[in-house]
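Visitor: I'm new to this one. Can you put it on screen and take my questions as they come?

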Amino acid sequence: MDILEITKKIQKTFEQYELCRLQEAQVKELALKLEKKGVTIAVIGQFKRGKTTMVNSILGKKLLPTGIIPITAAVTRIRYGKGERGEKAKVYYKNGLYEDVPVADLHKYISEQENHENELGVAEVEILTESDFLKEGLVLVDTPGVGSVHEKNSKSAYDFARESDGVIFMLSVDSPVNQIEVDFLKSVRRFAGKFYFTVNKIDTVDEEDLAEYMEYCNALICEIMGLDPGEEDAKAIKLIPISARKNLGIEVLTEMIREDLLNKAAEIMRQSVGLKLLDILKNTSAQINSYREVLKMAPNVFNRRFAEMNELLLQQRKEAEKIPDKDSEGKPKKYLRARLNEDKTFLSMKVRDLFGIEYFYYVDRSDAAEFLSAGEYREELVNTYDELEQTLNAIFMYKEENAYTVARRIEDLNILLRDMRKYSRQIKENII
Ligand SMILES: Nc1nc2c(ncn2[C@@H]2O[C@H](COP(=O)(O)OP(=O)(O)OP(=O)(O)O)[C@@H](O)[C@H]2O)c(=O)[nH]1
Ligand SMILES: [Mg+2]
């Protein structure tokens with residue numbers, strides 16, 4: 001069975017369990033990724049190593065803002081394509097809305113100076129540009145510096161490394177590899193499909209110093225990645241000296257990536273999706289186990305938590321009733337769609353706090369220019385509450401007195417756990 005078949009099977013299994021909605025969504029995304037064959041490469045590294053300068057250099061144009069103080073505050077995804085007037089950009093907000101913006105205005109959303117502490121709530125930015133490097137479907141991602149204050153503002157570099165098929169990890173000659181970088185690499189090495197290490201700013205040192213520095217990096221990376229420097233595997237470490245500013249070594253890097261991509265795209269994808277699936281399966285087992293614990297909760301504790309949840313939903317319903325149909329200027333209320341998404345996120349958090357399980361909502365991605373009327377907002381919200389109440393009753397078998405139903409439920413979970421183990425085995429056979 002190939003990895004796509006396994007992925008689809010896992011997805012089918014998850015569809016049968018309310019408890020696995022988050023995992024179902026994650027697996028669905030992986031299936032889509034396999035079908036579209038779009039390989040993602042994230043540029044990651046500590047702040048000021050020159051990540052964004054390198055992205056611009058790879059693209060051959062100064063598309064993204066760079067600078068001497070921490071700059072990149074939002075993740076930027078760059079893919080091949082074009083708008084009516086060349087490049088095209090879209091800003092995605094954390095509340096699920098998005099809007100088209102002129103490329104010339106990107107700095108307002110990406111740079112820390114203008115979008116301080118990400119006050120605009122940007123989740124990520126997408127740019128379409130015509131670059132040869134991206135032509136085969138490669139997606140290049142620029143991320144905020146690891147360990148920088150901005151990391152917490154958007155999806156972290158850690159999440160990105162896990163999500164990507166490849167990582168260009170950036171070091172530079174002006175300061176030695178530090179503990180933050182070592183810890184980071186150790187925590188992601190198992191998940192990211194392929195690593196390329198670039199050592200930037202070589203224009204600032206002479207040849208002799210550079211040779212020494214490269215040797216030091218090589219030994220250190222071998223150690224971090226758990227490889228013996230003499231081994232065959234260690235020779236596969238791709239360590240490339242570059243100067244993003246002076247455009248040195250960039251072609252070596254892009255050629256290397258393109259060669260891997262063209263020759264081994266399917267292999268990279270299989271490996272990387274396989275590892276991500278294993279991670280999801282592991283999380284699912286953890287979720288099932290914590291759910292079992294919750295089922296063992298004393299009845300009075302359980303009653304209290306249910307009462308708290310019901311009280312909350314009642315309050316929320318009342319709040320929803322108060323939303324006026326028009327704002328003070330007599331126009332339909334703006335951004336209710338965003339509010340709906342925020343309400344759903346809040347509910348997920350509440351369920352996690354009270355019942356210790358992940359209750360996942362799809363956050364609607366929608367154009368910021370399209371409004372939701374107050375009536376529609378109320379209707380959707382009430383549906384959301386009804387559904388949550390029913391689901392919670394069902395998955396926790398609240399007030400379920402039929403012993404047979406309870407026994408069946410427990411048996412279902414055992415089957416699910418067994419399936420998880422079976423799928424793990426099949427994946428491991430596929431990626432080793
Ligand atoms: N000398 C030299 N300076 C460089 C080179 N690449 C980048 N820089 C400088 O390093 C500084 C940081 O560059 P950025 O590209 O903004 O770095 P970054 O890693 O994206 O930084 P954050 O987004 O804040 O994490 C800028 O002043 C760049 O001009 C290089 O190859 N040589
Ligand atoms: Mg940057």
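Visitor: Which residues is Phe14 in contact with, leaving aside its neighbours within four places in sequence?
Guide: This is a predicted model. In it, Phe14 is in contact with Cys20, Gln23, Glu24, Val27, Ile280, Leu281, Thr284 and Met420.

Visitor: Where is the place of Phe14?
Guide: Phe14 belongs to helix H1, which covers residues 3–15.

Visitor: Is Phe14 buried or exposed?
Guide: Phe14 is buried, because its relative accessible area is 0% and buried means under 20%.

Visitor: What separates the C-alpha atoms of Phe14 and Leu416?
Guide: A gap of 8.8 Å. Along the chain, Phe14 and Leu416 are 402 residues apart.

Visitor: Back to Cys20, from the Phe14 list. Does it count as buried or exposed?
Guide: Cys20 counts as buried, with 0% relative accessibility.

Visitor: Is Cys217 buried or exposed?
Guide: Buried, at 1% relative accessibility.

Visitor: New topic: the ligand. Which residues come nearest to ligand 1?
Guide: Lys51, Thr52, Thr53, Thr72 and Asp203 do, out of 21 residues around ligand 1.

Visitor: How do the residues of that shell divide?
Guide: Five are nonpolar, 10 are polar and six are charged.

Visitor: Which helix gives the most to the shell around ligand 1?
Guide: Helix H3, residues 51–59, with three residues.

Visitor: Which backbone atoms lie by an oxygen atom of ligand 1?
Guide: A backbone N or O atom of Ala244 lies 2.9 Å from an oxygen atom of ligand 1. For Lys48, a polar backbone atom is 3.1 Å from a ligand 1 oxygen. For Arg49, the distance from a polar backbone atom to a ligand 1 oxygen is 3.3 Å.

Visitor: How much of ligand 1 does the protein bury?
Guide: The protein buries 92% of the 660 Å² that ligand 1 exposes when taken alone.

Visitor: Let's move to Asp260. Where is its place?
Guide: Asp260 sits in helix H9, residues 250–295. Asp260 is buried, with a relative accessible area of 2%.

Visitor: What does the side chain of Asp260 make a polar contact with?
Guide: With the side chain of Tyr196, at 2.4 Å.

Visitor: And which residues does Asp260 touch, not counting those up to four places away in sequence?
Guide: Asp260 touches Lys194, Tyr196, Lys238, Ala265 and Ile268.

Visitor: Last topic, backbone angles. What is the phi of Glu117?
Guide: Positive, at about 50 degrees, although Glu117 is not a glycine. Glu117 is placed in the loop between helix H4 (107–110) and strand S5 (122–129).

Visitor: What about the phi of Lys201?
Guide: That phi is near 70 degrees, again a positive value in a residue other than glycine. Lys201 is found in the loop between strand S8 (194–200) and helix H7 (207–224).

Visitor: How does Lys201 count in relative accessibility?
Guide: Lys201 counts as partly exposed, because its value is 23% and that class lies between the 20% and 50% cut-offs.

Key. Residues are numbered from 1 along each chain as its sequence is written. Chains are lettered from A and ligands numbered from 1 in the order in which they are written. This is a predicted model: local features need pLDDT of at least 70, side-chain atom pairs count only at pLDDT 80 or more; totals for chains, interfaces and linings use all residues. Side-chain values use heavy atoms; hydrogens and water are left out. A residue is near a molecule or strand if one of its heavy atoms lies within 4 Å of it. A polar contact is a pair of N or O atoms within 3.5 Å; within protein, one must be able to donate a hydrogen and the other to accept it, and residues adjacent in sequence count only if both atoms are side-chain atoms. Accessible areas come from the Shrake-Rupley method with a 1.4 Å probe; for residues, only the protein chains shown count as cover. Helices (H or I, at least four residues) and strands (E, at least two) are DSSP runs, numbered from the N terminus. Ala, Val, Leu, Ile, Met, Phe, Trp, Tyr, Cys and Pro count as nonpolar, Asp, Glu, Lys and Arg as charged, and the others, Gly among them, as polar. Buried means under 20% relative accessible area, exposed over 50%, partly exposed in between (1.4 Å probe, protein chains only). Contact means heavy atoms within 4.5 Å.
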